[in-house]
Amino acid sequence: MQWTAKLDGHDIVATGEQLDAFKQAYVGGDLASRMSDLLTFDMYVLDAAFGVSPHEVLSAIKNVEDGEPHNGVKPATQFRRPPLQGLWHKHYFSAHFLAKNMQLALGNNGLENLISEVFDPSRPIITEDMIKELAHRITHEPVEKRDADGKLTGEWVVYVKHDNKNYYLALNTHDAGDQFVYDRIMEHCPKNFPDLQNWIAAGT
């Protein structure tokens with residue numbers, strides 16, 4: 001079987017054999033048997049096209065497998081509305097998502113407020129120390145706060161629970177659309193997990 005991802009201006013193609021080799025390079029044993037070919041291809045595409053390491057995705061999966069000890073990233077949650085009802089999602093985090101987390105932490109007026117605090121109008125001269133302080137507070141404080149609050153966000157690892165185990169199905173973005181995510185999973189993942197539809201129904 002050949003897998004193809006159509007990106008702007010080019011395609012990324014992988015054979016089943018390439019995906020098997022890719023998976024074996026990063027994960028083995030029982031966990032590998034609980035990861036769909038679709039999720040493996042998603043990791044392959046992220047690595048090849050965007051430089052998101054499979055280790056970043058697998059770190060989120062390992063966190064779920066270990067019972068989710070605190071690592072700064074949002075805990076896994078179950079989808080509550082059809083068509084994804086019965087499935088779960090866990091955020092994985094990459095440096096590619098730093099800007100989004102900074103924006104979320106600062107909020108609508110956060111940057112303006114920081115500038116007002118650091119560049120005090122009663123001190124008319126802007127010093128190098130003030131510039132360094134502003135840079136630190138914009139780049140470090142928001143991410144550190146979201147880390148401490150367990151709110152770091154990225155994109156999704158979608159999975160299903162069955163028989164006290166987790167079966168990892170696909171990676172998707174927040175804005176992909178629930179129906180698109182569901183249709184994609186149901187097109188590809190029953191090849192690996194023939195009873196998937198029953199597992200999803202049991203989780204609702």
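**Aromatic pairs and the sheet**

A: This is a predicted model. The count of aromatic pairs in it comes to 10.

Q: How is an aromatic pair described?

A: Two values describe it: the distance of the ring centres and the angle of the planes. Take Phe 79 and Trp 156. Their ring centres are 5.3 Å apart and their planes are at 75°, so the pair is edge-to-face. Phe 79 sits in the loop between β3 and β4, and Trp 156 in strand β5, so the pair ties together parts 77 residues apart in sequence. Phe 79 and Trp 156 are buried.

Q: Which pair is stacked, at 25° between the planes?

A: Trp 88 and Tyr 159, 6.4 Å centre to centre. Trp 88 is in strand β4 and Tyr 159 in strand β5, so this pair ties together parts 71 residues apart in sequence. Tyr 159 is buried, with a relative accessible area of 1%. Lys 161 lies over the face of Trp 88, 4.5 Å from the ring centre.

Q: How do strands of a sheet pair?

A: Through backbone hydrogen bonds, parallel or antiparallel. Here an open sheet of 4 strands runs in the order β3-β4-β5-β6, with antiparallel pairing. Its edge strands are β3 (77–78) and β6 (165–172). Strands β5 and β6 pair over 7 bridges. Val 160 has Tyr 167 in β6 as its bridge partner.

Q: What does helix α3 touch on the sheet?

A: Helix α3 (residues 37–50) touches β4, β5 and β6. Its direction makes about 40° with that of β6. Helix α9 packs on the sheet too, touching β5 and β6, at about 120° to the direction of β6.

Q: Is Glu 187 buried or exposed?

A: Exposed, because its relative accessibility is 53%. Glu 187 lies in helix α9.

Technical notes. Residues numbered from 1 in each chain as written. Predicted model: local features only at pLDDT ≥ 70, side-chain atom pairs only at ≥ 80, totals over all residues. Heavy atoms only, no water. Helix = DSSP H or I, 4+ residues; strand = E, 2+ residues; numbered from the N terminus. Buried < 20%, exposed > 50% of the residue type's maximum accessible area, 1.4 Å probe, protein only. Pairing = 2+ DSSP bridges. Contact = heavy atoms within 4.5 Å. Axes fitted to C-alpha atoms, helices over the stretch in contact; angles between N-to-C directions. Phe/Tyr/Trp six-rings, centres within 6.5 Å; stacked < 30°, edge-to-face > 60°. Lys NZ or Arg CZ within 6 Å of the ring centre and 35° of its normal.
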